[in-house]
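Have a look at the model first, then read on.

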Amino acid sequence: MYCSVPPRPGGCPRNRPAGPGVSTRTDLYGTRGAGVAGRLGRAWRKGRWWALGLVLLLVVPPLFGALALRVSYAGDLRDDARTRGRDAYWIGHAWVDGRKEDADLKALAERLRGTGVKDLYVHAGPLEHDGTLPAARHPRARWLVDGVRRELPGVRVQAWLGDVLANDGPTGLRLSDAASRAAVTASARQVLDAGFAGVHFDLEPLQSGDADYLALLDDLGRLTRSRVALLSVAAHQIDPLPGAHSVLRLVSDQGKWWSQEYFGEVARRVDQIAVMSYDTWMPLESSYGGYVAQQTALALEVTPEGTDLLMGLPFFHEDDLGHHESAETVAAGVRGVRLGLGRTDPDRERFGVALYVDFAEEPGDWAAYRAGWARSG
């Protein structure tokens with residue numbers, strides 16, 4: 001959807017064994033060099049400990065982190081840690097711009113039959129940088145809404161709207177601008193008028209603690225409650241270590257993590273919150289699955305009982321720094337979700353997974369979802 005150890009010091013020559021009455025320092029440097037040798041020796045010892053400290057700082061925490069994630073990925077799965085019938089599915093713009101037809105809708109219905117998918121997030125944007133939404137972006141909205149109601153009774157269609165946030169850059173949506181926030185709310189009203197059951201927002205990169213975003217959610221919540229509609233958001237991951245978002249901000253303005261407290265602030269303002277629990281940088285299935293288990297637990301701890309918490313699963317296939325296809329698998333993600341749910345809040349009903357995204361999926365993604373999450377046995 002919308003990151004050396006310094007070179008080792010040269011060190012001293014190897015000392016030869018000192019004979020009776022012969023100083024090793026004298027043997028190496030001569031009598032006049034004894035004081036220099038002493039200073040060099042002390043400097044080397046001091047530098048050696050400094051270098052060792054850096055090694056411990058840079059290498060040991062990641063090793064312990066990897067071990068912790070591997071441990072988090074281990075354990076037995078609870079049989080009841082499966083779909084609650086509240087899953088969601090991100091689908092692309094082709095569903096509202098005229099590229100999809102009735103046959104595609106019937107195939108979608110067949111694909112979702114027997115799963116726990118309750119909500120479709122269909123891309124109806126993007127928003128303009130001033131928060132407005134041209135009506136021409138979703139000309140076939142009514143066809144999709146009516147068709148899903150006919151083919152998939154009980155499944156809700158929400159308008160997925162998003163934009164890149166400026167974050168002090170030259171272009172993008174500026175949430176600090178009250179007029180832009182008002183325009184975003186008007187755009188939400190526009191898609192609700194078009195027949196959508198709710199509005200799903202994905203605004204990135206969103207820094208932890210952004211008060212303007214909370215103000216926008218307050219405005220949107222008043223609108224959706226008055227219309228008996230859903231307000232849903234895609235959320236950044238939660239700090240895997242305390243203060244991780246603050247450390248990352250020192251080197252990049254690209255929001256990656258939110259504090260757990262801020263995640264809870266967002267979750268209290270919406271009907272659904274879907275964690276984008278992919279693009280994690282994890283290199284192995286075990287570390288990815290353990291990370292998802294950790295993220296699931298952190299999110300469950302602060303998401304109100306009245307809010308649907310959804311954990312994202314990667315129905316896409318790429319290989320880059322942020323996402324390793326061999327590691328971020330649906331099977332590993334599902335296992336992590338089930339472990340986190342079973343350990344933290346096994347009786348929670350308002351919980352599910354969100355599948356990203358239809359135009360990049362492969363058959364194996366659905367097979368892993370069905371086997372691990374959507375059906376018992």
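Is Asp 279 buried, exposed or partly exposed? Asp 279 is partly exposed, because its relative accessible area is 27% and that class covers what falls between buried (under 20% relative accessible area) and exposed (over 50%), using a 1.4 Å probe and protein chains only. Some housekeeping before going further: this is a predicted model, where local features need pLDDT of at least 70 and side-chain atom pairs count only at pLDDT 80 or more, while totals for chains, interfaces and linings use all residues. Residues are numbered from 1 along each chain as its sequence is written, and side-chain values use heavy atoms, with hydrogens and water left out.

Eight strands close into a barrel, in the order E1-E2-E3-E4-E5-E8-E9-E10, with parallel pairing. From one strand to the next the twist averages 25°. The labels come from DSSP runs numbered from the N terminus, with helices being H or I runs of at least four residues and strands being E runs of at least two. Two strands pair if DSSP finds at least two bridges between them. In general, strands of a sheet pair through backbone hydrogen bonds, either parallel or antiparallel.

Zoom in on E2. Strand E1 (residues 87-91) pairs with E2 in the parallel sense over five bridges, and Asp 87 stands opposite Val 117 in E2. Strand E2 (residues 117-123) is also joined to strand E3 (residues 156-164) by five bridges, again running parallel. There, His 123 has Trp 160 in E3 as its bridge partner. Six of the seven residues of E2 are buried, so E2 is largely enclosed by the rest of the structure.

H6 lies across strand E4 (198-204) and strand E5 (230-235), running at about 155° to E5. H10 lies across E9 and strand E10 (351-356), and runs at about 155° to E9. For those angles, axes are lines fitted to C-alpha atoms, for helices over the stretch in contact (heavy atoms within 4.5 Å), and the angles run from 0 to 180 degrees between N-to-C directions.

What about the packing? The largest nonpolar core has 98 residues, of which Trp 90, Leu 120, Phe 196, Phe 201, Tyr 213 and Tyr 369 touch the most other members. H9 gives the most to this core, with seven residues. A nonpolar core here is a set of buried Ala, Val, Leu, Ile, Met, Phe, Trp, Tyr and Cys residues joined through side-chain atoms within 4.5 Å. Leaving aside neighbours within four places in sequence, Phe 196 is in contact with residues including Val 96, Val 122, Ala 141, Val 157 and Gln 158.

Next, the rings. A search of the whole structure finds 14 aromatic pairs. Rings of Phe, Tyr and Trp (its six-membered ring) pair if their centres lie within 6.5 Å, and planes under 30 degrees apart count as stacked, over 60 as edge-to-face and the rest as tilted. Tyr 213 and Trp 258 form a tilted pair, 6.4 Å centre to centre with 50° between the planes. Tyr 213 lies in helix H6 (residues 211-226) and Trp 258 in strand E7 (residues 257-258), so this pair ties together parts 45 residues apart in sequence. Both Tyr 213 and Trp 258 are buried.

Another pair, Tyr 278 and Phe 316, is edge-to-face because the ring centres are 5.6 Å apart and the planes sit at 85°. Tyr 278 is in the loop between strand E8 (272-275) and helix H9 (285-302), and Phe 316 is in the loop between strand E9 (308-314) and helix H10 (330-344), 38 residues apart. Tyr 278 is buried, with a relative accessible area of 2%, and Phe 316 is buried at 6%.

Most residues other than glycine have a negative phi, and most peptide bonds are trans. The peptide bond from Gly 125 to Pro 126 is cis, with omega near 5°, and the one from Glu 204 to Pro 205 is cis, with omega near -10°. Asp 279, in the loop between E8 and H9, has a positive phi near 55°. Val 228 has a positive phi near 50° and is exposed, with a relative accessible area of 78%.
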